[in-house]
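Here are my notes for you, written as numbered points. Keep the model open and click along as you read.

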Amino acid sequence: MASRGAQAGRGRSQNAALYLTGLLLFLVSLLVGALLWQSYAATIAAAEARARGAAHVAATHMRWLGEASFQALRRIDDALGPQPTVFTGATASDLDSAVAELPAETYAWVVDTTGHPVLSNAPSHADPAVGEMPFFAALKAGERRSISVLFQVDPDGRKAFALGHRIERQGVFLGAAIIVIPAEMMSTFWLALDLGPDSSVGLIRADGWLVARYPVPDTTVDLSGYRLFTQDLARADEGLYHAERSPLDGVARIVAFRRVEGLPLVVVAGVSKDEAVAVFWNRAGLLLVAAGPIALALLLCALWVARLLRADQRSRLSLARALAENRVLFHEVHHRVKNNLQVVMSLVQLLPGSDEAKQEMLRRISAMAALHERIYRSNRISDVELSNYLQQLCASLREIYGGQTTLTCDVPALEVSAEVALPLGLIASEAISNAFKHAFDEGQPGRIDLVVSAESPSQARLVVRDNGKGRGESGTGGTGIGLRLIESLARRIGASLSYDQGATDPPSQGTALSIVFPLLRSDASSDA
C-alpha cells in the first residue's frame, strides 16, 4: 500500500512538473502572440493612416485642379467674344495662357456643335474624337460643365480625361471649350505620397466611371456595382475599406476614399496590404529573435524546477517511508509497554504485602497501561484525545472503589501531547483515589467531580473536587505519598497546582485540587 502511495505521489510530482512546464510555455506563447497581434494591429493601423492621409491630399489637389480648370475654361469662353460664332475672337495663344497654370502637357480645344475642333493648342497627332463622347453629349444637352471618363488621347495609347464647358450665345449652343489632362498627371501624387510599389491613386466620377488612375489602366472601367458605390459611399463621404482583390489589377489593398468638394468626383488611395503585412513580418522576425532566448530560458527554468520537484518528491517519499516505519515502531513500543505493564500488574499481585498497598500500585500501573493502550489503538502517536482517556480512567476507578460515592467526569474534546497525558492521568488518578479514600467517612454517600476546561489556546485547567469533610490538619488529606507524587508530576509537565478548602456549598465542606497544565510539554518542563 505504501508502494502504491509512493508511486501515486511520484506521478503527481511528475504531472505537476509537466503542468508547470506547459503553463510557462503557454504564458510565453501567449505573451509572444499578444505582442505579435499588437504589432500586426499597429502595422495595419499605420497603413490605414497612410491611405487616409493620401486620400485627403489627393482630394485637396483635385479640388484645386478642377476649380483651376473650370476657371481656365471660363476665360476661354470670355476670349471668344460676344458674337454668336466660335470661329473668330480667340487664338491658340489664348488657349496657352488659359492652361499655363495647369499641369504640364495639359492642352485645350474649342469644338463646334458636332465636336469638331475649331481651335486647339494640342499636338497635331491628338485626336480624341470629342463628338462621340458622352460628356460632350451632356454639354450639348444643356449641362454647364461636364467631366469625361478615361480615354485614349492619341495613337500612341496615352490616356487622359477632359473637363468641358458649354459655350452658348443668346441661349444657342455653339460648341464647347475643353481642357484635356493626361492621366500620367496622377503619377505626381503617387510619387509624392510614397505609398509603395503596389499602391494606387485613382479618380472616379460620381456615377462610378473611372476618370484617372495611377498606375494607368488600359481602359476605363464602370465601378458603379463595386462595394465603394454600393456600400461605403452610401454611408459617408469619406472612409476606409479593405479590398481583398482590386477590380482593376487584382491586388489586395487598404483603400481610403474621399469625395472632392464641389466636384462630382471621388478620390481613392490604396496601400498594398501585402506590403503592409511584409513590414509586420519583418517586425515579427525581430520580435521572435528577441523572444527566442527568453522562451528558451523559461523552458530551461521550467525543466530545472521540474527536476527540483522530482528531487523534492523523492525526499518526501523517503521521509514518508521513515515516518511510516516510525509509526509502526511506536505502535509496537506502546503495545509492548502495555503488555509489560500487564505482566508487572500480575507480578505485583504475587508479591507479599497488604492488599491496600497492592491495590494502590495496581491502580497507578493501570493508569499508565490505559494510556499506552489508547495510543496503540489509535493512529496518532504524538497526541492523545484527553476526553476518552480520562473517561476510561474514571470508569476504571469506579470499578475499583465503587460504594456510595458518585464520580462524574466532564472533559471537553481536547488534544494533549503524550508527554503531558501520562502525568496528567496519574495526577487525576491520585487525586480521585485520595478523595475516595479520605474525603468521606465510612458509609457516608458523597460526590467527586473531575472537570477539565480550556483556559487558553495553549493551556487547560483540571479540577478534582469533592463534597467531603475537607483536608486534615496536616494539610495532606491522606498518607502524603499521593500528594507528593501529584506535586512531582505537576512540576514535570510545568503545571501550576493549588488546593481549595471549602470548595462546595456550604463552604465548610469539600476539597478541590486545581491544576493548570500546558496542552504541549514545554522544554522548560522537560528539563525540570
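1. You'll find Q170 in the loop between β5 (159-169) and β6 (172-182). Helices (H or I, at least four residues) and strands (E, at least two) are DSSP runs, numbered from the N terminus. Look at its backbone too: Q170 has a positive phi of about 55°, although it is not a glycine. Most residues other than glycine have a negative phi.

2. A quick word on what you are looking at. This is a predicted model, where local features need pLDDT of at least 70 and side-chain atom pairs count only at pLDDT 80 or more, while totals for chains, interfaces and linings use all residues. Residues are numbered from 1 along each chain as its sequence is written, and side-chain values use heavy atoms, with hydrogens and water left out.

3. Next, a peptide bond to check. Y214 and P215 are joined by a cis peptide bond, with omega at about 0°. Most peptide bonds are trans. P215 sits in the loop between β8 (210-214) and α5.

4. Now follow the chain to helix α5 (residues 227-235). Which of its residues are buried? They are L228, F229, D232 and L233. These four sit on the same side of α5, because they cover an arc of only 115° around the axis; the arc is that of the directions from the helix axis to the C-beta atoms. On the face turned away from that buried side, α5 carries the exposed residues A234 and R235.

5. What do the buried residues of α5 pack against? Their partners are β7 (200-205), β9 (238-243), β10 (253-259) and β11 (265-272). Contact here means heavy atoms within 4.5 Å.

6. Time for charges. The structure holds 16 salt bridges, each being a side-chain nitrogen of Lys or Arg within 4 Å of a carboxyl oxygen of Asp or Glu. One of them joins R63 and E261, at 3.2 Å from N to O. This pair links distant parts of the chain: R63 belongs to helix α1 and E261 to the loop between β10 and β11, 198 residues apart. R63 is partly exposed at 34% relative accessibility, whereas E261 is exposed at 55%. Both also belong to a network of salt bridges that links R63, E67 and E261.

7. D232 pairs with R227, their closest N and O atoms being 3.0 Å apart. D232 is buried, with a relative accessible area of 4%, while R227 is partly exposed at 25%. In the other bridge, D249 pairs with R253, and the closest N and O atoms are 2.8 Å apart. Here D249 counts as partly exposed, at 37% relative accessibility, and R253 counts as buried, at 4%.

8. Go back to helix α1 (residues 2-79), where L27 has its place. L27 is partly exposed, with a relative accessible area of 42%. Together with L23, F26 and L30, L27 makes a nonpolar surface patch of about 390 Å². Such patches are made of residues with over 30% relative accessible area and no salt bridge; nonpolar side chains (Val, Leu, Ile, Met, Phe, Trp, Tyr) are joined within 5 Å, and like charges within 9 Å. The areas come from the Shrake-Rupley method with a 1.4 Å probe, and for residues only the protein chains shown count as cover.

9. Have a look at N434 in helix α9 (residues 418-438). N434 is buried, with a relative accessible area of 15%. Which residues does N434 touch, leaving aside its neighbours within four places in sequence? N434 is in contact with A439, G482, L483 and I486.

10. Last, some strands. β15 (residues 446-456) and β16 (residues 459-466) pair in the antiparallel sense over eight bridges; two strands pair if DSSP finds at least two bridges between them. β15 and β16 form a hairpin with two residues between them. β16 also pairs with β18 (residues 511-518), in the antiparallel sense over eight bridges.

Methods: Buried < 20%, exposed > 50% of the residue type's maximum accessible area, 1.4 Å probe, protein only.
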